[in-house]
Each structure stands twice: as C-alpha cells, then as structure tokens.
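Reader: I would like to go through some local features of this model, one at a time. Please give the cut-offs as you go.

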Number of protein chains: 2
Amino acid sequence: MELPKRVQLKEVGPRDGLQNEKGFIPTEEKIKLIDRLSETGLDYIEVTSFVHPKWIPQLADAVKVLKSIKRNPNVTYAALVPNMKGLERALECNVDEVSIFMSASEGHNQANINKSINETFPILKEVVEGALAAGKNVRGYVSTVITCPYDGYTEPTQVVRIAEKLFEMGVTEISLGDTIGVGVPTQVDTLLIEMLRHFKSEQLAMHFHDTRGTALANVMTSLMHGITKFDSSIGGLGGCPYAKGASGNVATEDLLYMLQEMGIETGVQLERVTEVALSMENVLGKKLSSKQVMIARGEE
Amino acid sequence: MELPKRVQLKEVGPRDGLQNEKGFIPTEEKIKLIDRLSETGLDYIEVTSFVHPKWIPQLADAVKVLKSIKRNPNVTYAALVPNMKGLERALECNVDEVSIFMSASEGHNQANINKSINETFPILKEVVEGALAAGKNVRGYVSTVITCPYDGYTEPTQVVRIAEKLFEMGVTEISLGDTIGVGVPTQVDTLLIEMLRHFKSEQLAMHFHDTRGTALANVMTSLMHGITKFDSSIGGLGGCPYAKGASGNVATEDLLYMLQEMGIETGVQLERVTEVALSMENVLGKKLSSKQVMIARGEE
C-alpha cells in the first residue's frame, strides 16, 4: 500500500464550521479558537469569510477577527472571498491567502452564488487577478464535485472543465468538495483518475464531509492516488445548509488519528487539537460528535 | 478499483450490541428486534450468546429468545457458545450455526476467557466437534487481531497461527475482530496480505468497531483484498467493555449505504434497516450515533 509520507491539513473549522452554526459565536471566542489552533502545529487555517453578512451573518465580524488574531509566522491565514468588495476588505486585514469558490454543478452554483457557472467565472477572474496583484496566493474551492443536491451526479469531466478555468486564472490549488457528504470511495476514485489525467496531485486538495460516515474511506482512496492535502474542521464542525444530517466536515482530530496511526506525518499534535475541539463544546453549548472528542469525554 | 460484486453482512447487533448495554433489554424487545431484522433482507443474524449469565447478564434470556423468534427460512440464526454447556443449550433451541471465540493476544484472551490461548484450544475443539456432530456449521471469532489493549500490537503471524488451529478443528469461517476499534487501513492491509497467503478470502470475515471512525476505511481496504463478509451491528450498537469510546461495531446501515452507493449487492434494504435502528432508540432510551439514524432523525 503506497501512501504519501507527509500530508498537509487545511483547517477550515473557523470558517466552514462556524458559518453553519445557528447562533452567532462571540468574536473573542473565534479569535481564541484560531489562536489556539495556531499552536497545534497546523500550518494552514481558513479563519473567516468576506461573503456579505446578509448571507453569512455568523461571520459578520471577519475584519475584527482577522485583525485581532495572533499571527503565528508558521501559519498561513486564509479567508473566503466572493467578489472584489470582499477582496478589498480581506487585503485591508492583510490576509495571507485568498480562497474563492464556485460549484461544479449549475443547480448548486445557482443556489449558492445566485449565478450560472459561466456568469461566475468573470467575477472570480477579477478577484484572482486582484489577489495576485497584491501578492497573495489564491485557492479555489469547487463544490458538489461528486453529487449535487439539485442536479444529481456530477460528471468528472465537468469538474475538470471548471478546474482548468480556475487554474488558467492563476489559482494555485483547487479543493474538491463533496459538499453534501454523499460520496463513496469508488466515486472518489473515478473523479481522481480523471482529474489526475489533467493536473498534478499537488494542485489538488480534497474536502470531505462525513455526513454518511464515508469521509475517512474517501481520504484513504485519495491518499492512494497521491493526494497530500485535505481540508478538515476542528470537532467536525460544519455541514451544508442545503443538506440535513448531523455531520459536517471530516473532523480534524479523527483524520489526524488515522494519518498518525498510518505513519503519515502532519506536524500536528492530535492531543492539542482534541483539547481545542473539546473546549468548543462550551462555546457552542452542544456536544460534538467527532470520535476523538467522544473518547476524550470518556463516553461509552 | 476492483471490488467484489456481492457482500454478505452478518448482523451481530442482538448479541454483540446488546451484550454491551448497561441495562437488561426486555426479552420481548429482543425478539421483536430479531424478527424485524429478519425482514430486512439480512440473511445472517447472531441472535444471542450462551456465555454464562454471571458474565453476560444482558443475555440471560438466550434460550427464550432463540425459541421465540419467528424463523425466516432465508436467515441463518447463530449464537455465541463458549463451552459444552453452552453448546447443549444452543442445540436444544435448534440454533442454525454456532460461533466460538478467542483472542489473538494472550492479554485479552486471559481477560475475556480467563485462560491462556493454549488452554483455550481444547475447550473450543470440543465445542466444534460437538456442533459439527449435530450438523451445525461453526464460525470462529478471533479478537484483537490488530491491537490488544493489554499486549499492544498483534503480529499477523500470530493471527495466522490461531486461525490455522481453528480451521483444523473444523471451523468454516473466521471473523477477524479489531475489538477495540483502533485499526487503520495500513494495518488491515498488512494483516490481510499475511492472512491471504494462508487462507482464501471466502474463509474470512472482517469485524470492525468504529470507535475511532476508521471502520469504513478499513472495510474499503478489506474489499480491495476481495473480502466479501463483514460483521456489523444495527444502529452501531456495541462496543467493548475494556475500551472507552462512544462507538461500537460499525453500524449496519452506514456500511450498507457505502456498499449500496458503490454498486455492491447485499440483498439488504437500507431503509428498513434504518427504521429498525431508529426504533431501538426508544427501547434503549438513548440516541444512536449512526450516520443514517442521524440523517433519518433530521438532525443538523
């Protein structure tokens, strides 16, 4: 079984996780969370989103958060940016890296961005050019790469087409999202076979949701294709507002456990990450369902 | 990705699941559970255990349960049997198949059976011979095949040695248990490479616990080795009294989801199984944590 020796985790909890919480998490708690995550060995944290607060009120404090966190020089702090207005605000806060996003399927793109796929490209192009001009790397999220809640199965060739466009703009890495957490290993396999005909494994990251418990199996399949970058979320926070189900992104600590036990280096300390996840239970006023958190709570 | 076309699920919830519950589940509820499971398409159910009630008080009603269930002719009803006394009682109830058990590690075998591995063989031999003489197939469980909570890592060659002994006795199938749910795919891979040097894939079943979220990833690895039989437990019931952690056996419905979406036939109806799992929440007075149950509850 040939697997990569080292994997990078991209922590998306403060953004992808918290944007899906019902209540508003106090700004100081967000800052504390990010500062604690910065001390776990994680070297990439997506801290917030500059999507208009009308759409994501939970992250209306993006500027405050980004300006107030303690910057660990070993960590890249990224933020989600939908358009030029968002980019301006992100650059004002000296974000390290910019993330843009769109969907591989028309239905989800329309629901999420209120535009067709073709209408979305020029908007993103402007953002990418602006970010590059400011000396920032740009990461591209492509959602619903396996199945769309509106359009059904997504053809891998469609994901290739979108990714090509984004790379042409100057995006350096694309994160492929199984947004509603329905994917199974055979689908990931089919998708990656097609993607790796066109792109290098270093250009891709995988973004799995554990809604149906298949996230780690999908990670395994991706590792076998040489993928070395995975998005994950502290405590398994997150989810998709368009899909019911208790689980969000694959939990950073559960992914870490598997990688660690397989001898794959990440540079991240499992115990510290689990402590941070546990501390979020008080902040959120609910129990988290990651396996490492359940074990740490001593549940039987 | 070459995977088997068909997989058999061996439902162990009524035994492995319920024996780990704190309270005693009323006999009629057990019977109802097994009868409902018998209508889901499952063709193998381990219904109870004839271990002395001093050790497993939760299943003290083994005779009553086995005598009272409605036998579906398409289903094999098995029971766990530790010794000749247990075998007699199981045969009295006309059990279809007998399961014996031991551990691959001395520490766990001693804790579980109160005997060394070498002391255990003659007892099992007697049971196997008795069962075969009565015309019953015998299945062998081997626990702690990856790691033992007492002895640490289990050498695959040790698992081979135990399996050889059991097959020599006349056991027809061996279920390899990651009893404390610590295993990761690379370990499963190493174990199966060694096992399949000595045995055929049809002789083996895998028994994963999802304590650390790796069960479905481990199933995938096993499928890639051609394994076609998996133990699972309705609702993810179960666990190990010697290991903390919220999760028990891999949930039948979560395993089913993955197999179904990969186009692997099982003959089992996911919706029905999920309904049965949901109904167990009332019986047990607690929420179950399988993903399919959480989705069915509409949790977000």
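Reader: Is A:Asn114 buried or exposed?
Author: This is a predicted model, in which local features need pLDDT of at least 70 and side-chain atom pairs count only at pLDDT 80 or more, while totals for chains, interfaces and linings use all residues. Residues are numbered from 1 along each chain as written, chains are lettered from A and ligands numbered from 1 in the order written, and side-chain values use heavy atoms, without hydrogens and water. Buried means under 20% relative accessible area, exposed over 50% and partly exposed in between, with a 1.4 Å probe and protein chains only. The relative accessible area of A:Asn114 is 58%, so A:Asn114 is exposed.

Reader: Where is A:Asn114 found, and what is its phi?
Author: A:Asn114 sits in the loop between α5 (106-113) and α6 (117-133) of chain A; helices are DSSP runs of H or I with at least four residues, strands are runs of E with at least two, and both are numbered from the N terminus. Most residues other than glycine have a negative phi. A:Asn114 is a residue other than glycine with a positive phi, near 65°.

Reader: What is the relative accessible area of B:Asn114?
Author: B:Asn114 lies in the loop between α5 (106-113) and α6 (117-133) of chain B. Its phi is positive, about 65°, although B:Asn114 is not a glycine. B:Asn114 counts as exposed because its relative accessible area is 58%.

Reader: Which backbone atom does the side chain of A:Thr252 reach?
Author: A:Thr252 belongs to helix α10 (residues 252-261) of chain A and is buried because its relative accessibility is 0%. Contact means heavy atoms within 4.5 Å, and beyond four places in sequence A:Thr252 touches residues including A:Leu9, A:Leu42, A:Ile234 and A:Val273. A polar contact is a pair of N or O atoms within 3.5 Å; within protein, one must be able to donate a hydrogen and the other to accept it, and residues adjacent in sequence count only if both atoms are side-chain atoms. At 3.1 Å, the side chain of A:Thr252 reaches the backbone nitrogen of A:Ile234.

Reader: Which backbone oxygen lies 2.5 Å from a polar atom of the side chain of B:Lys229?
Author: B:Lys229 is in strand β10 (residues 229-232) of chain B, and its relative accessible area of 13% is why B:Lys229 is buried. Leaving aside neighbours within four places in sequence, its contacts include B:Glu173, B:Glu202 and B:Leu204. The oxygen at 2.5 Å is that of B:Glu202.

Reader: Which residues does A:Glu194 touch, not counting those up to four places away in sequence?
Author: A:Glu194 is in helix α8 of chain A and is buried because its relative accessible area is 15%. In the meeting of α7(A) with α8(A), A:Glu194 is one of the α8(A) residues. The residues touched are A:Pro156, A:Thr157 and A:Val160.

Reader: Are α2(B) and α11(B) roughly parallel or antiparallel?
Author: Axes are lines fitted to C-alpha atoms, for helices over the stretch in contact, and angles run from 0 to 180 degrees between N-to-C directions. Angles under 35 degrees count as roughly parallel, over 145 as roughly antiparallel, 65 to 115 as roughly perpendicular and the rest as oblique. Helix α2 (residues 27-37) and helix α11 (residues 270-284) of chain B have axes 10 Å apart and an angle of about 170°. The pair is therefore roughly antiparallel.
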